Amino acid sequence: MTNLTPQPCDLLIEAGWVVPVVPHGVVLTDHAVAVSGGRIQAILPIAQARMQYAAKDTVARPEAVLLPGLVNAHTHNPMTLLRGIADDLPLMTWLQQHIWPVEAAVIGPDFVADGTTLAIAEMLRGGTTCANENYFFPDVQAGVYKKYGFRARVGAVIIDFPSAWAASDDEYFDRACQLHDTWRGDVLIGTAFAPHAPYTVNDANFERIRMLADQLDLPVHLHLHETAHEVSESLKLHGQRPIARIDRLGLLNDRLIAVHMTQLTEADIHLCAERGVSVVHCAESNLKLASGFCPACALLSAGVNLAIGTDGCASNNDLDMFGETRSAALLAKAVANDAAGFNAFEALHAATLGGAKALGFEDRIGSIEAGKDADLVCVDLSALETQPLHHVVSQLIYATSRQQVSDVWIAGVQKLRQRELVDMDSAAIVANARQWRQKIAQVRA
């Protein structure tokens, strides 16, 4: 028998179960993932991995499941600092009378940096390794995400009124293009256009976004069909439903990340499928603001790519993707009146590869496949709350809490080890958040 020399690798993660997402519906028992240079080299049985690879570091988690990092496909992460300041209100009251006035008083680079830092820590502790960001000062956000080695698609906000970020249409677009130029080609940070919503962006600016998005091949991240009020106002002002207006302006295509989508006709759904639109289901925010219900099962049946997003902490009020995915799955069943709809594997797909595809990152992340970046999460299923373990993916979607996330890697770099953040100071982050609570309380007094 020929003795094969083991191949060197940086990291070998051994797990009781590996859920690769691709192929769909597969759970691998007692498997390992080999990582080198930040990328996945192989997925193979543990015994074979030990013979084939000589790892610099081996992490053994026999009672854990290893899965791709979760992708939070719609966030306003600086708003972690506004968690809980205005609850139990409808969307426009919440925005116009509470959120926007407070933001006007406190928003700036420090607010954005500190809120993003708090969000990164919370997301890592919950198994999220990538976020799709939509907020002011995206340049600051991008710098913070890069500092902590967190993957993000950072959106350049476009809105029809002045803000602390930009005073005019031209300035919004100049800053958006500068953001893209600064981060072009970065391995962790991507950019996008983030027009706020159909009711806050005019036709000329949407057309300008379409032209630039086409030229630069960038996604467009847009709140769309969030409420019935949005649709009725669009009919009054434009004589069209928002989706029809966006289609007329050339933005309903495979670059569009359409968020919320609670007010959809069958024709809207099929148009989205035909155009290749990705839809982000934000179940908990939509429930809390009483905005409506995204018809997730109908979208999936039509072939629309579905992702999961938490929205911001001012309207959710957390960044818990395990909780969000559970809510999304359960709500989808109720809306469709179909207990078999949006099953556990479909929900996990939406929270991983569906989000990666929406962001244009599906060639890098979202599944455990050789050649992809090693954005990986270990979830300990040994707790009594997830016993007995009859079905791994069922437990992940319907029973697991984010507190069971033990380890997180982004591009092969460990960010959470046995529940402890590797390169972030939790106590300092909490102390800083408390300072912001005092500042915001003074503004509201």
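**Helix α5**

Select residues 169–183, helix α5, in this predicted model. With 15 residues at 1.5 Å each, α5 should span 21 Å, and its end C-alpha atoms lie 22 Å apart, which agrees. Now colour the buried residues of α5: Y172, F173, A176, L179, H180 and W183. They cover an arc of only 120° around the axis, so they sit on the same side of α5. An α-helix has 3.6 residues a turn, so residues three or four places apart point the same way.

Turn to the face of α5 directed away from the buried side; the exposed residues there are D174, Q178 and T182. To see what the buried residues of α5 pack against, show α4 (138–147), β7 (151–158), β8 (189–195) and α6 (203–216). Then step past the end of the helix: α5 is followed by G185, whose phi is positive, near 80°.

**Helix α6**

Next, select α6, one of the elements packed against the buried residues of α5. The 14 residues of α6 should span 20 Å at 1.5 Å a residue, and 20 Å is also the separation of its end C-alpha atoms, which agrees. Its buried residues are N205, F206, I209, L212 and A213. These cover an arc of only 130° around the axis, which puts them on the same side of α6. Among the elements that cover the buried residues of α6 are α5, β7 and β8, together with β9 (220–224) and α8.

Stay on α6 and pick D214. Which residue is the salt-bridge partner of D214? The partner is R255, with the closest N and O atoms 2.8 Å apart. This pair links distant parts of the chain: D214 is in helix α6, while R255 is in the loop between α8 (242–248) and β10 (256–260), 41 residues away. D214 is partly exposed, at a relative accessible area of 39%.

**Other salt bridges**

A search of the whole structure gives 24 salt bridges. Select K56 and D10 for one of them; the closest N and O atoms are 3.5 Å apart. K56 belongs to strand β4 (residues 53–68) and D10 to strand β1 (residues 7–18), so the pair joins distant parts of the chain, 46 residues apart. K56 is exposed, with a relative accessible area of 72%, whereas D10 is partly exposed, at 31%.

Remain on strand β4 and move to R61. The side chain of R61 meets that of D407 in a salt bridge, 2.7 Å from N to O.

**A nonpolar surface patch**

Switch to a surface view and select L287, F293 and V335. These residues form a nonpolar patch with about 260 Å² of accessible area together. F293 sits in the loop between α10 (283–288) and α11 (296–302). At 46% relative accessibility, F293 counts as partly exposed.

**Backbone exceptions**

Most residues other than glycine have a negative phi, and most peptide bonds are trans. The remaining stops depart from that.

- Select V22 and P23: the peptide bond between them is cis, with omega near 0°. P23 is placed in the loop between β1 and β2 (28–36).
- Select Q387 and P388: this peptide bond is cis as well, with omega near -5°. P388 is in the loop between β13 (376–380) and α14 (392–398).
- Select F137, a residue other than glycine whose phi is positive, near 55°. F137 lies in the loop between β6 (128–134) and α4, and at 8% relative accessibility it counts as buried.
- Select F342, where phi is near 45°, again a positive value in a residue other than glycine. The loop between α12 (321–336) and α13 (344–359) holds F342, which counts as buried at 1% relative accessibility.

Conventions. Residues are numbered from 1 along each chain as its sequence is written. This is a predicted model: local features need pLDDT of at least 70, side-chain atom pairs count only at pLDDT 80 or more; totals for chains, interfaces and linings use all residues. Side-chain values use heavy atoms; hydrogens and water are left out. Helices (H or I, at least four residues) and strands (E, at least two) are DSSP runs, numbered from the N terminus. The expected span of a helix is 1.5 Å times one less than its number of residues. Buried means under 20% relative accessible area, exposed over 50%, partly exposed in between (1.4 Å probe, protein chains only). The arc is that of the directions from the helix axis to the C-beta atoms. Contact means heavy atoms within 4.5 Å. Patches are made of residues with over 30% relative accessible area and no salt bridge: like charges are joined within 9 Å, nonpolar side chains (Val, Leu, Ile, Met, Phe, Trp, Tyr) within 5 Å. Accessible areas come from the Shrake-Rupley method with a 1.4 Å probe; for residues, only the protein chains shown count as cover. A salt bridge is a side-chain nitrogen of Lys or Arg within 4 Å of a carboxyl oxygen of Asp or Glu.
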